[in-house]
Amino acid sequence: MSDSLFKSIVERRRSVRVFDNNAPFDDSVVSKALSLAVLSANSSNMQLWEFYQVKTQSVHEALNKACMGQSAAKTANQLVVFVTRQDKWKERVKWNLANLHKQFEGKTLTKKDERALAYYQKLMPLVYRNDFFGLNTLIRSIIVFFMGFNKPFLRIRNHGDQRVMCHKSCALAAQTFMLSMASDGYDTCPMEGFDSDLVKKILKLPPAAEINMIIACGVGKPEGIYSDRIRVPNEDVIFAV
Ligand SMILES: Cc1cc2nc3c(=O)[nH]c(=O)nc-3n(C[C@H](O)[C@H](O)[C@H](O)COP(=O)(O)O)c2cc1C
């Protein structure tokens, strides 16, 4: 892909708050963007995410209320909900291990292969396992304290650290999704202004699921862009070290 094509896609994507919901809208573009979103980089390929493409009018209306009537949600041709599923870590460990076993079938395991298996058999449970009494957090904190005392060590201790991991990966998928939509000439608006409890109830999600973002999609109206795209100066945020 040429540099100018990527640049033009990045520059085209704006947060658009007013959509023309009478304009023709091809929702297979949303499905395509979601199938590209799953290719996003994600922590340990655990894919602790889910994406809900809202095709039912009543669900769209309920989500619109949960977004507190924000114009992007109200006027969107379609909404997509990005969800983190930290609770699915055991399933994903099994899935990754099954893939590794398939890959290693009939061959003598090298040290690298053994390390790959141990990554999912030992490290992932250590990173993701939780319990009611916080025993796993205590164990992780002690391990991090001693192992990381005078050398670099992964500092994942508590539920907050785990949540950050899941939301990082999910947000990368959201960005891939929005860029794909932009490359097909559609507009989006990422939203975190919603009642997350209500969204979970509407989508019938379990307590451990978390709403990362809701993305309004559609054919943007010119008045949907509220201001020029401004950013703080590059030298305030980009550093060469
Ligand atoms: C995580 C996140 C949450 C956001 N939440 C909202 C929101 O609830 N409502 C809204 O109108 N815009 C929301 N935005 C859009 C931002 O305001 C917007 O990205 C920012 O002003 C920069 O403008 P641009 O996206 O057009 O470049 C959100 C953006 C992100 C990344």
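Predicted model: local features only at pLDDT ≥ 70, side-chain atom pairs only at ≥ 80, totals over all residues.
Which residues does Thr75 touch, not counting residues up to four places away in sequence?

1. **Thr75 and its partners.** Thr75 touches Arg17, Val18, Phe19 and Asn21, once residues up to four places away in sequence are set aside. Thr75 sits in helix α4. With a relative accessibility of 16%, Thr75 counts as buried, because the cut-off for that label is under 20%. Thr75 and Arg17 are 58 residues apart in sequence, yet their C-alpha atoms are 8.0 Å apart in space.

2. **From Arg17 to the ligand.** Arg17 also takes part in the ligand site: an N or O atom in the Arg17 side chain is 2.8 Å from an oxygen atom of the ligand. A backbone N or O atom of Gly193 is 2.9 Å from a ligand oxygen, and one of Pro190 is 3.1 Å from a ligand nitrogen. On its own the ligand has 630 Å² of accessible area, and the protein covers 68% of that.

3. **The shell around the ligand.** Surrounding the ligand are Arg13, Arg14, Ser15, Arg17, Gln70, Cys189, Pro190, Met191, Glu192, Gly193, Arg229 and Arg231.

4. **The largest nonpolar core.** Met191 turns up in the ligand shell and again among the residues with the most contacts inside the largest nonpolar core, alongside Leu79, Val81, Val199, Ile211, Ile214 and Ala216. This core has 22 residues. Another core, of 18 residues, lies apart from it and includes Val80, Phe82, Cys170 and Phe177.

5. **Ile211 up close.** Beyond its neighbours within four places in sequence, Ile211 is in contact with Val81, Phe82, Val83, His167, Phe194, Ser196, Val199, Lys200 and Leu205.

6. **Asn212, a polar residue to check.** Asn212 belongs to strand β4. Is Asn212 buried or exposed? Its relative accessibility is 11%, so Asn212 counts as buried. The Asn212 side chain has a polar contact with the side chain of His167, at 3.1 Å. Leaving out neighbours within four places in sequence, Asn212 is in contact with Phe82, Val83, Thr84, His167, Cys170, Ala171 and Phe194.

Key:
Residues numbered from 1 in each chain as written. Heavy atoms only, no water. Core = buried A, V, L, I, M, F, W, Y, C linked by side-chain atoms within 4.5 Å. Buried < 20%, exposed > 50% of the residue type's maximum accessible area, 1.4 Å probe, protein only. Contact = heavy atoms within 4.5 Å. Near = heavy atom within 4 Å. Polar contact = N/O pair within 3.5 Å; in protein donor to acceptor, adjacent residues only side chain to side chain. Areas by Shrake-Rupley, 256 points an atom, 1.4 Å probe, with all protein chains shown as cover. Helix = DSSP H or I, 4+ residues; strand = E, 2+ residues; numbered from the N terminus.
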